[in-house]
Every structure is written in structure tokens, then in C-alpha cells.
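Subject: Handing over a structure

Hello,

I am passing a structure on to you, and I hope you enjoy looking through it. Please open it below before reading my notes.

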Amino acid sequence: MKKLFIVFVVMLFGALTVNAGDKILSKGPHGETAYPATSLSLTKAEIAKVKAGNHTAAIVLHYAGNDWSTAQEKGLRDTFGKMGIKVVSVTDAQFKAEKQVSDIETVLALEPSIIVSIPTDPVSTAPAYKKAAKQGVTIVFMDNVPSGMTAGKDYVSVVSADNYGNGVASAHIMAKELGKKGKIGVIFLDVDFFVTNQRVEAFEAIMKSDYPGIKVVEKSGFTDPNKVSVVADAMLTKNPDLDGIFAVWDGPAESVVASARAAGRKDLIVTTIDLGNNAARIIAEGGMIKGLGAQLPYDQGVAEATLAAYGLLGKKAPPYVAVPALAVTKDNILEAYETVYHSKPPAVILKAAGM
């Protein structure tokens with residue numbers, strides 16, 4: 001059984017501590033060294049002080065309704081609830097920067113104490129976030145940071161998974177499945193998005209340094225996650241001898257699987273990032289997705305809510321906080337699911353795993 005690295009919340013004697021383990025390979029958006037979530041803590045007195053403030057929070061997402069966003073929202077809500085902070089709004093920008101700018105304006109009318117948000121675009125959304133900062137809102141970012149904003153001044157901190165580490169994990173799984181040789185493709189998000197860029201960078205770096213027998217023969221980008229199948233179809237048509245494809249997160253990986261099935265390519269090896277329910281089922285049943293590097297979105301939410309309390313208290317916070325990467329394959333899928341979601345796997349995944 002493969003080792004699991006777990007991030008969890010412990011409530012002892014009124015103190016709240018976020019615990020994490022193992023080495024983090026990622027750097028922050030401005031090259032910051034990762035500060036492990038294990039080092040974040042609030043005392044009983046600090047929690048009481050936050051509760052006394054009757055604070056409110058808004059969660060401004062790049063897109064919602066997926067497994068990653070839902071788990072992150074739950075981590076935020078659970079932790080805010082323990083601090084007496086009411087969530088007054090959750091928005092979904094549907095990956096559109098202009099909609100997110102509008103969402104921020106709508107949220108600001110509610111006068112929240114806190115905004116936790118993942119910016120869709122670091123440039124076009126920056127003025128709206130700067131406006132929120134000038135109005136005194138405590139801001140914690142997920143994954144990405146708007147241009148021209150400074151940690152400790154305009155926002156508290158930014159939290160992410162170890163995306164570089166997850167890219168490394170996905171590369172090693174791919175290499176093992178291919179027997180360290182073959183031709184592969186890479187499907188990436190073709191926008192300026194910090195954490196997805198890290199994943200691809202890490203994946204390609206490991207292939208180049210550790211597996212000279214594996215060649216990346218094509219890279220194709222997408223901007224609309226709903227149209228990845230078009231990219232995957234074209235890649236498989238152009239490269240009928242392709243042995244594997246790395247997709248930048250689980251949704252695109254599922255599109256790759258659908259395209260491969262349509263092309264009669266049941267032997268294609270797919271790896272990715274993020275343990276969504278569909279990807280988990282495919283891995284559990286021994287399908288084309290052979291493994292992935294998993295983020296821990298619930299625990300990211302816990303860390304973000306904790307950092308929001310840092311901001312409310314005026315407590316010094318690290319500029320970049322990360323939770324560890326988790327390599328997931330069929331061998332550890334059920335344990336990994338519990339680690340990622342803090343809940344038992346649903347029946348469909350248990351059935352796929354033969355349970």
C-alpha cells in the first residue's frame with residue numbers, strides 16, 4: 001500500500017491547527033518558498049476574538065459545481081463555522097474574467113469582512129480585487145494572485161496544493177505505465193494561470209530528466225474546458241501511434257478518455273491532476289486513467305479560512321502556503337479518496353474497486 005500524506009484539522013483545548021506533512025516542491029506566484037500548512041495555528045483566545053467580531057465571508061470562485069470547488073467550499077464553510085464566520089455568498093465565474101469582475105462588484109455590495117477567491121486572470125481582474133482591498137476587505141487567494149498586489153499589504157496570503165509536486169507524481173505514474181518508453185502528448189490550459197502552468201512544467205521536466213525513452217511529440221492547449229474533446233480528437237488523429245496523454249486536470253482527462261474510446265484506443269495511458277469522482281471511478285476500475293497527482297481541496301479550504309482569521313486579527317501570515325501532493329493509483333484509490341474528501345468513497349467508486 002502506498003504511503004498517504006494527510007492534511008487534517010485538530011481541535012484541542014480550543015486551539016485550531018492545520019497539520020500537513022512531507023516536502024513541498026512548488027514555489028509561490030512570486031517565487032515565494034512554500035510555508036507548510038502545519039505551521040498555521042490559532043489559539044483559543046484568538047478564535048474567541050474572531051467569533052466576537054460577527055464577521056462574514058464571500059467565496060468568489062473561477063468555476064463551481066465541480067468536485068474540487070465543492071470540496072474546497074466545504075473546507076472553508078466548516079472552518080468558518082467553527083470561528084462564527086457566516087458565508088454570505090458563493091459565486092461562479094464560469095472561467096470568464098469579465099463575469100468574475102462583475103461577481104466581485106456584487107459581493108462588495110454585501111460588505112463582507114472576508115473574500116476568499118481564485119482569480120481567473122491575473123491582469124483583467126486586478127482592479128476589482130484592488131478595489132476590495134482598498135475598502136478594507138480581508139482577502140485570501142486560492143492558487144493565483146492578481147497583478148500588482150502584495151502579500152501582507154493588499155491580501156493576506158495565497159494557498160495552493162503542491163501543483164509542481166503533483167505534476168511530478170503524474171509524470172512518474174505515466175512512465176511506470178509506459179515501461180519508461182513511448183510517445184506522449186500533453187494537453188494544457190492555454191491561459192496565464194499560475195498553478196496549471198506549474199503542473200505542465202513539472203511533468204515535462206521529469207520526463208526530460210528521468211525518462212529519455214519517453215518523448216513528448218505534441219502539446220495542445222485549450223481555453224474552454226468544455227471543448228477539450230476537440231483538442232484530444234485532433235491529437236489522436238494526427239498521432240495514431242500515441243502511447244499516452246497527460247491532461248492538466250481531471251475534467252480534460254475525462255474528455256481524453258472519451259475521445260480515445262471513440263477512436264478505438266482502449267490502450268491509451270492517461271494521467272492527470274485532481275481526484276474528481278469520475279477520475280476516481282476510472283482509476284478504481286482499471287480504466288485508461290492510470291493515476292494522478294491529487295490536490296487536497298478540503299484542506300486548502302481549511303488553510304484559507306484560517307489565514308482569513310490571521311488577517312482579521314492582524315496576525316503576521318506567510319505569503320504562500322501549500323498542502324502536499326498525493327500520488328494516486330489503483331493501489332491506494334480508496335484511502336486516497338478519504339484523504340482528499342474527508343469522507344468515505346461513494347458506492348459507485350467502491351463498486352468499481354470491487355468492494
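Here is what turned up, beginning with the overall picture and ending with the cavities.

This is a predicted model, in which local features need pLDDT of at least 70 and side-chain atom pairs count only at pLDDT 80 or more, while totals for chains, interfaces and linings use all residues. Residues are numbered from 1 along each chain as its sequence is written, and side-chain values use heavy atoms, with hydrogens and water left out.

**Overall**

The chain has twelve helices and 16 strands; helices (H or I, at least four residues) and strands (E, at least two) are DSSP runs, numbered from the N terminus. Its C-alpha trace spans about 60 × 40 × 35 Å along the principal axes. The radius of gyration is 20 Å, which agrees with the value near 20 Å for a compact globule of 355 residues. That radius is taken over C-alpha atoms, and the globule rule is 2.2 Å times the number of residues to the power 0.38.

Seven strands make an open sheet in the order β3-β15-β9-β8-β7-β5-β6, with parallel pairing (two strands pair if DSSP finds at least two bridges between them). At its edges are β3 (35–36) and β6 (86–92), each pairing on one side only. Inside this sheet, β5 (residues 56–61) and β7 (residues 114–117) run parallel and are joined by four bridges; I59 has V116 in β7 as its bridge partner. Helix α3 (residues 97–108) packs on the sheet and touches β5, β6 and β7, its direction making about 170 degrees with that of β5. Contact here means heavy atoms within 4.5 Å; axes are lines fitted to C-alpha atoms, for helices over the stretch in contact, and angles run from 0 to 180 degrees between N-to-C directions.

Another open sheet has six strands, ordered β11-β10-β12-β13-β14-β16, and its pairing is mixed. Because β11 (214–222) and β16 (326–329) stand at the edges with a single partner strand each, one side of each is left without a neighbour in the sheet. From one strand to the next, the twist averages 20 degrees. Four bridges link the parallel strands β13 (residues 269–273) and β14 (residues 289–294), and V270 stands opposite I289 in β14. Helix α5 (residues 163–178) packs on this sheet, at about 170 degrees to β13. Helix α8 (residues 250–262) lies across β10, β11, β12, β13 and β14, at about 165 degrees to β13.

**Two cavities**

How many cavities of 30 Å³ or more does a search of the whole structure find? There are two. A cavity is a set of points on a 1 Å grid over the protein atoms alone where a 1.4 Å probe fits but cannot get out, and lining residues have an atom within 4 Å of a point. Grid points are joined across faces, edges and corners, and a volume is the space filled by probe spheres set on the points.

The largest cavity holds about 120 Å³. Its lining includes H62, W68, R199, D274 and Q295, and helix α6 (residues 194–210) gives the largest share, three residues.

The second largest cavity has about 60 Å³. Among its lining residues are D67, W68, D274, Q295 and Y341, and α2 (67–82) and α11 (333–341) are the elements that give two or more residues.

Definitions and conventions
On a 1 Å grid over the protein atoms alone, a cavity is a set of points where a 1.4 Å probe fits but cannot get out, and a pocket is an open set with protein on both sides within 12 Å along at least five of seven lines; lining residues have an atom within 4 Å of a point.
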